[in-house]
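Morning, everyone. Please look at the model on the screen, and then we will go through some helix packing.

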Amino acid sequence: MSKETKTIGNEAIYDAKELGMPKMLVLGLQHMFAMFGATVLVPALTGLSVSTTLLFAGLGTLLFHFLSKGKVPAFLGSSFAYLAGYWAIAPNKEPELLPYACFGVACSGLLYLLLSALIKAFGTRKVMRYFPPIVTGPIIIAIGLNLSKSAIDNCANSWLIAIIAIAIVIICNIWGKGMVKIIPIILGVVGSYVIAAIAGQVDFTPVKEAAWIGLPIHWDNTVFSLFKNPDVSLLLTAVITIMPIALATMVEHIGDISAISSTVGKNYIKEPGLHRTLLGDGLATILASLFGAPANTTYGENTGVLTLTRVFDPLVIRLAALFAILFSFCPKISALISCMPAATMGGVSLVLYGMISAVGVRNVVENKVDFSKSRNVIIAALILVLSIGINYSSIGAIAFTIGSVTISLSGLAVGSLVGIILNAVLPGKDYNYNEETPDQTGVNFEV
């Protein structure tokens with residue numbers, strides 16, 4: 001990397017085009033490698049298709065770049081925030097129920113479009129007053145805590161394998177250098193997976209039987225398959241249960257765009273504009289969900305790669321998206337991931353879900369939420385108690401009937417709605433979102 005274009009502080013940055021195509025391809029592969037572990041972990045945990053996930057991670061990223069004028073070096077991968085939503089509708093990865101969950105996620109993508117339109121019309125500051133850290137922080141904390149039981153259940157299959165995965169993640173994240181520090185999740189998965197295989201705990205028969213090349217979209221797993229004979233009650237339940245999760249992921253998006261802005265030294269919230277990036281993220285999520293892939297979100301791992309390489313050209317991210325699309329046509333990759341031991345997923349998830357809650361705490365602390373104010377204590381308390389209490393209670397959800405349709409509200413849905421309403425009606429809304437100055441207090445669900 002000898003051709004420097006300019007510097008940020010004392011650090012040189014580079015123009016990818018001047019590096020030549022071979023180095024650009026390597027940089028693109030590195031970005032795909034950085035997002036790969038976390039992106040494929042979501043379908044492994046939910047039962048969605050890995051191949052479809054990779055395809056729409058790539059297509060979603062390209063769509064995002066098109067709508068953001070090709071200016072923002074962001075990669076869109078699988079969102080962990082929606083795991084609670086998938087499990088609320090399809091707790092045992094039931095293939096017949098997953099399309100209903102995907103429908104709910106697709107509808108949540110409409111909230112991105114709504115927020116994008118509101119920001120375009122009224123500006124970021126006015127809109128974000130209704131989504132301050134005192135609301136979004138506890139919601140994010142509750143998401144991680146609600147997921148904790150599944151992580152423990154998976155770890156229980158083999159605590160030794162789970163602990164190995166946890167140890168690798170921690171060691172790589174704390175003491176690793178370069179790319180090792182950026183991809184602790186995938187290293188934890190690979191390391192514990194290999195040890196489990198050596199110990200004879202993995203059956204690779206599905207990998208041997210899988211084809212090398214195949215189509216990544218399976219029509220029976222898409223939302224369109226529901227048109228034959230849909231369960232209206234389940235559709236409405238999925239929508240009401242899952243849509244509130246978008247409140248947290250939209251804040252995640254805003255935080256990641258701020259972090260990318262800080263890394264690159266350009267304010268992407270102003271240009272191309274937060275309304276454009278939200279639109280791209282929302283449409284990518286809708287598109288992916290309709291075809292049976294997880295919701296998309298901007299990825300912090302790739303921001304880490306930008307920091308490491310000092311190559312900020314969005315073209316490199318688009319090359320990574322093309323590599324993801326190419327990998328999606330290999331069923332053997334999907335089969336290899338489906339054979340992953342439950343304890344490996346449990347160990348990695350234990351760290352990951354805890355990190356989700358920790359990010360919620362970080363969001364509250366870094367934005368200096370004042371808990372000496374009774375309104376803030378009340379809002380946070382009700383969000384946490386309702387979100388977690390209802391989820392782990394004997395009822396599991398609050399159900400009510402409208403006509404012949406039964407609708408169930410998850411704890412997270414109830415907690416989110418109560419928090420937003422209380423914040424809007426209680427006096428003392430003094431939150432001021434600063435869209436002029438990018439900062440690094442972004443909300444990011446990846447390790």
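Ground rules. This is a predicted model, where local features need pLDDT of at least 70, side-chain atom pairs count only at pLDDT 80 or more, and totals for chains, interfaces and linings use all residues. Residues are numbered from 1 along each chain as its sequence is written, and side-chain values use heavy atoms, without hydrogens and water.

Back to α5 and α12, residues 232-242. Their axes are 8 Å apart, at an angle of about 50°. Axes are lines fitted to C-alpha atoms, for helices over the stretch in contact, and angles run from 0 to 180 degrees between N-to-C directions. That makes α5 oblique to α12 (under 35 degrees is roughly parallel, over 145 roughly antiparallel, 65 to 115 roughly perpendicular, the rest oblique). Contact means heavy atoms within 4.5 Å. On α5, the contacting residues include Y100, F103 and V105. On α12, L234, A238 and I242 are among them.

Next, α14. Helix α5 spans residues 98-122 and α14 spans 269-290. Their axes come within 8 Å and cross at roughly 165°. So α5 is roughly antiparallel to α14. This crossing of α5 and α14 is left-handed. The α5 side includes C102, V105, L113 and K120. The α14 side includes L274, L278, D281 and L290.

Note on methods: Helix = DSSP H or I, 4+ residues; strand = E, 2+ residues; numbered from the N terminus. Left-handed = near helix turned anticlockwise from the far one by under 90°.
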